[in-house]
Amino acid sequence: MSSLGRPARVTARGWGWRHAGRRAWAVHDLDLTIEPGERVLLLGASGSGKSTLIAALAGVLGGADEGDQLGELLLDGVPPATTPGRAGLVLQDPDSQVILERIGDDVAFGCENLGVPRDEIWMRVRDSLDSVGLDLPLDRSTSRLSGGQKQRLALAGVLAMRPGLLLLDEPTANLDPQGVREVRDAVARSLDRTRATFVVIEHRVDVWRDLVSRVVILDPAGGVLADGPVEAVLGAQGRALADSGVWIPEFPPPRPVRAAPTSGELLVSAQELAIGRNVKSVVRSDINLELASGDLLAISGPNGSGKSTLALTLGGLLAPAGGRVVARPGLAQGAAPNPIQWKSRQLLTRIGSVFQDPEHQFLGGTVREELAIGPRAIGTADVDARVDEILDRLGLTALAQANPFTLSGGEKRRLSVGTALATRPRVLILDEPTFGQDSRTWQELVALVAELLAAGSAVAAITHDAAFIDALATREFALETVGVIR
Amino acid sequence: MTGILTVNPVAKLAVAFILAIALVLSLDWVSATVALACECVLFAWAGVSWHTFWTRTLPVWLAAPIVAISIALYGKPSGQTYYSWWLVDISDGSITLAIATALRILAIALPAVILFVTVDPTDLADGLAQVVRLPSKFVLGSLAAVRLIGLFMDDWRSLQLARRARGVAESGRVRRFAGQAFALLVLSLRRGSKLATAMEARGFGAVTARSWARESRFGWREWLLIGIGLLVAAAAITVSVSTGHWNFIGA
Amino acid sequence: MTTTETARTRPNLRWRVVDIVIAAVIAVASGVVFWGWDAVWGALSTPLHAVLPGLDSLLGGVWLFPAVLVPLIVRKPGAAIFAELVAATVEALLGSYWGAETLLSGLIQGLGAEIVFAIFLYAVWTRGTAILAGAGAGLALAILDLIVSYPGQKLAFDVIYIVGSVISGALIAGLLSWLLVGALARAGALNRFAAGRTGRALV
């Protein structure tokens, strides 16, 4: 019990790991020491094994039937898996980290597993919730929390175990700017209290820059590429890192040249629109907006303000709870004026929707099949040619035969946009298109959308991404001020 | 008045089992009727609103006659036969059997539904692990999975809307349903793997002896409920045997 | 060089956390499906009875699929019973018209498949074992139902009921689960399981 809460030391000597069923090593020849209390930002191109290393430090890589190990990786001189609770890990997806139904029980879960006595558990639960700034009743349901609150809950659950090493794997990638701030501040406060050793993976460097003192860059070819104080490493490696997809404020991804905004043909308008999953649960009402050819309308709003519901309603997928979504003649091309009355096939060439989670939209067994579904449904003359063209444009040609579900996050995002573009709709609705994307995918998406706008399409995008808005938006619509903007 | 709301779910489970076993032992209309009559009186104290009662038990009321009809048609004939065609024989024997079966379904299922309506999954898991002492890893793993049901429902909705966005909402209902179900399975396995990692990262599955933040209590109210269950079972069997209707496993 | 794992490598029979959670996730989802299927069964069983008494047992396979699917994925002893018990508990909590019998059915059906996997020492995971295990679960379901739900029926009914259950178990629970595991492996959803790696070339 003497080691409780004492900052931990990490030592790797010639360490490597190969996942079962893989031929290539995820990490190899790693030599690294992290002193107790050090705060490290872990970077590297995708495929350099960052997440594998952090999972190994958390002791969750599994045993011999899940992969092969080389060398040694030690936490205070022993393998991490033998000291549960010494390292605490917070992962990317807020939804899959909530374990129990009530807030208090969820935070207590880790302590229970470590055999902490009951009275001590509840003391620690209150203490941890306090330290992450979650001032809510212990019996409040965990499913009603926002993304940022869920991540702070996960952090509290980890802190309650009093770990000597705090590990974060892209904890803010799925959060809006408000959530990112909440989580960052909670981590900063907790580290000041516990003095724990800290390792974070994040491809947005600016979030953690002020909190860490050291940057370690893993080399996809094995071992460490660069290691040292933040400014020195970023100064020397910044350009190369930015090219590999890491967000570094000094090296922002290039943006397309914007054409002067032209007022094109009006395509869709919302008139006194009320939105909701059904008539009984209206989230917002009295929404008026217009979308014309060449427009990019950026829609923002806080958590739970109904942004996604608005996207679904504008996309002709969800019936308005009141008011109307009107497709102008230029868009309707002979179909009824209300998109919700269209057949789903009629939507394809008129309004395309890209969901927040690409996996919800996948239908095919291969990337090629996935892209061919839309064109085939509308009777495109040369489906193969159309698909080849999109594969090439999205840089997915090499993956044409891969199963869509097995792609990386960025590839899935590009594919889901590609499936919508394949039928050339005049209006495109995007729900958080740049969420959690690295700067390379971001750059490709922005270029793609810019091309669409130049070709006369209209785009409505739900987004909090200031850079995206800055690069492309012609107008902004904030949902919290509904009823004021006319 | 809280009724059975705060009683340990393990006791509720036990009572449901006691009634089921007692009534499965004999197939006769007397034991089922006696049990059903006692239960109907007891429901008034259960602390469940009438609205909840009827909405939750509706499937039971629908299922009982369905099963009864098939038994009336195909049960072993005895006594006078009223109608006969191929395998169908409607007779005194098959009708009696059908009525007894319908009553038994009601007598077993109604209390089970009412007892389970008020069960909170977390309390049930605590009880199963601490009172019944089932292996805690399996109990808690299942509890964590139960929490994902809400997410599955959201996923299912999104999958459905996405089918419309992809232009395939009108084609082949069975195929589309199968595809959607498969996508949901893939998503839930993904989520499950991540959840497992999150749980492991919090020391779940470690060899250390586990402690319990919540104590699952089993006191006089639990024993009282079980006692009531035993009384109802005993009354049903006693009346049935003493009136000569006892009929062991329908033999 | 493309190495493929053989189906006969010495199996690790210890349950990992991911085995428990994935088994539970599938079981819980199955429980919800069962609950929905109860209603479908209510609607379909009478017409099927009209075609041939006892033929409604053909619908029973749906209640059996976790007993085969879960073991095929996690490959651990007790997986069939665990999956069926959890699914039955969820079904009962949502409100099933078989009440506490649901749990008993789950236990017995799981046991039917479990015995088959145990006979093969939890080391053979082929299409054949899957179909046999599905049939085993179907047989168990039929025997229990004939004692508890349909006592005192004519022999013809009993025979039809057993044959229907076994066929339904073998096809819906057995063959379908086996095909599903293949599809899930191709979608990369089983990367942490031997079932998702066997038969596939190393990448």
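Q: What is the secondary structure of chain C, which residues in α4(C) meet α5(C), and how many residues of chain B are in contact with chain C?

A: A note on the basis comes before the details. This is a predicted model, in which local features need pLDDT of at least 70 and side-chain atom pairs count only at pLDDT 80 or more, while totals for chains, interfaces and linings use all residues. Residues are numbered from 1 along each chain as its sequence is written, and chains are lettered from A and ligands numbered from 1 in the order in which they are written.

Start with the fold of chain C. Its secondary structure comes to six helices and zero strands. Helices (H or I, at least four residues) and strands (E, at least two) are DSSP runs, numbered from the N terminus. Along the sequence, chain C reads α-α-α-α-α-α. The radius of gyration of chain C is 17 Å, close to the 17 Å that the globule rule gives for 203 residues, so chain C is as compact as a globular protein of that length. That radius is taken over C-alpha atoms, and the globule rule is 2.2 Å times the number of residues to the power 0.38. The C-alpha atoms of chain C fill a box of roughly 60 × 30 × 25 Å along the principal axes.

Now the interior. Of the 203 residues in chain C, 61% are buried. Buried is a count: 20 or more other C-beta atoms lie within 10 Å of the residue's own; 12 or fewer is exposed, and in between is partly exposed, with C-beta atoms placed from the backbone. Take the contacts in chain C between residues at least 6 apart in sequence: 76% of them join residues at least 24 apart. A contact here is two residues whose C-beta atoms, placed from the backbone, lie within 7 Å.

In chain C, helix α4 (residues 101–119) and helix α5 (residues 127–148) pack at about 145°, with axes 7 Å apart. Axes are lines fitted to C-alpha atoms, for helices over the stretch in contact, and angles run from 0 to 180 degrees between N-to-C directions. The crossing of α4(C) and α5(C) is right-handed. A crossing is right-handed if the near helix is turned clockwise from the far one by less than a right angle, and left-handed if anticlockwise. On the α4(C) side, the residues that meet α5(C) are E101(C), S105(C), I108(C), Q109(C), L111(C), G112(C), A113(C), I115(C), V116(C) and F117(C). Their counterparts in α5(C) include L132(C), G136(C), L139(C) and V148(C). By class, the contact of α4(C) with α5(C) has 14 nonpolar, six polar and one charged residues. Ala, Val, Leu, Ile, Met, Phe, Trp, Tyr, Cys and Pro count as nonpolar, Asp, Glu, Lys and Arg as charged, and the others, Gly among them, as polar.

Next, the partners. Chain B puts 54 residues in contact with 43 residues of chain C. Six helices of chain B each supply at least two residues of that side: α1 (9–24), α3 (50–74), α4 (92–117), α6 (136–146), α7 (149–165) and α8 (173–201). The side of chain B that touches chain C has 40 nonpolar, nine polar and five charged residues. Chain A also touches chain C: 10 residues of chain C are in contact with 10 residues of chain A. On the chain C side of that contact there are four nonpolar, two polar and four charged residues.

Chain B itself has nine helices and two strands. Its order is α-α-α-β-β-α-α-α-α-α-α. A compact globule of 251 residues would have a radius of gyration near 18 Å, but chain B has 24 Å. The C-alpha atoms of chain B fill roughly 65 × 55 × 35 Å along the principal axes. Buried residues make up 49% of chain B.

Helix α2 (residues 103–113) of chain A and helix α4 (residues 147–159) of chain A pack at about 40°, with axes 7 Å apart. α2(A) and α4(A) are therefore oblique to each other. Angles under 35 degrees count as roughly parallel, over 145 as roughly antiparallel, 65 to 115 as roughly perpendicular and the rest as oblique. The crossing of α2(A) and α4(A) is right-handed.
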